[in-house]
Amino acid sequence: MNEKNRLTPNPKLKLWAPKVRPERIWQLYQNDARGTIDEVLVHDVGIALYQRCESLLLVTSGRVTCPTCGTIFQTSWLGGRPEAVNQCPSCQWTITNGQYHATWRHQDLRAGNAEVAFRSYVEAYPRARSSRERTLLIDQLIHAFHIDLKSRAPNRSAANNLIEGSHARVVAMLDRLADDARGAPDRSDATSTWLATTEAMWKRRSGSSEAPRSTRPAVRKSGLGSGDQSPR
Ligand SMILES: [Zn+2]
């Protein structure tokens, strides 16, 4: 290959959609509670989550979108040697498996046992015709869980793959939103079952240094900090 045309990716190459800022999710729910719809916000959050889910599905299957020409192709990362080179089938861009790994490690980009939730969202979102439909899909997605295959019990919140912040912090925000929605006439099924499901999840995870069950009521009561209305 002509060295001049070989594009060597640096490890900080941005190939993947970032997580969504919690403030945006928070705002979306505040609007919903007030009965106002900010169509632009719903669309922005919806698309950002769509792109994040796409990234999750690509990484999980060992694929990548060529940053030069946009072709999606399969790498040999899954089972391949780190130094093995993957070349885009449509252009000269290449990336080794090791470089590929460096672009997504420690970024919560493995779909794990929540893959079905990410996939469902990617399939359904483009078909949604109204802000209401989009909001419901967003709601369903961010309240999904990584489900343990053996016990069918919740292991982890899928929102941790989608929203900035630690797992405990993201769950605390969704707890607060679910608490606020108690008694609301049109709260979704996902919100209704959220608190019971996270209770079961913390029970399973007790002993975890992240957020032992014994500290959880305090987290919930004080919400996201000092009672302010911001998720940070
Ligand atoms: Zn290409």
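## Helix 5 and its packing

The buried residues of helix 5 pack against helix 1 (22–34), helix 2 (39–60), helix 4 (115–124), helix 6 (167–181) and helix 7 (189–205). This is a predicted model, in which local features need pLDDT of at least 70 and side-chain atom pairs count only at pLDDT 80 or more, while totals for chains, interfaces and linings use all residues. Residues are numbered from 1 along each chain as its sequence is written.

Helices (H or I, at least four residues) and strands (E, at least two) are DSSP runs, numbered from the N terminus. Arg 134, Thr 135, Ile 138, Asp 139, Leu 141 and Ile 142 are the buried residues of helix 5, where buried denotes 20 or more other C-beta atoms within 10 Å of a residue's own, exposed 12 or fewer, and partly exposed in between, with C-beta atoms placed from the backbone. They cover an arc of only 165° around the axis, which puts them on the same side of helix 5; the arc is that of the directions from the helix axis to the C-beta atoms.

Strand 5 (residues 145–147) pairs with strand 6 (residues 154–157) in the antiparallel sense over three bridges, pairing being assigned if DSSP finds at least two bridges between two strands. Ile 147 stands opposite Pro 154 in strand 6, and in this hairpin, with six residues between the strands, Arg 152 takes a positive phi near 60°.

Thr 197 lies in helix 7 and, leaving aside its neighbours within four places in sequence, is in contact with Phe 145 and Pro 154, contact meaning C-beta atoms, placed from the backbone, within 7 Å. Thr 197 and Pro 154 are 43 residues apart in sequence and 7.1 Å apart in space, C-alpha to C-alpha.

Key: Contact = placed C-beta atoms within 7 Å.
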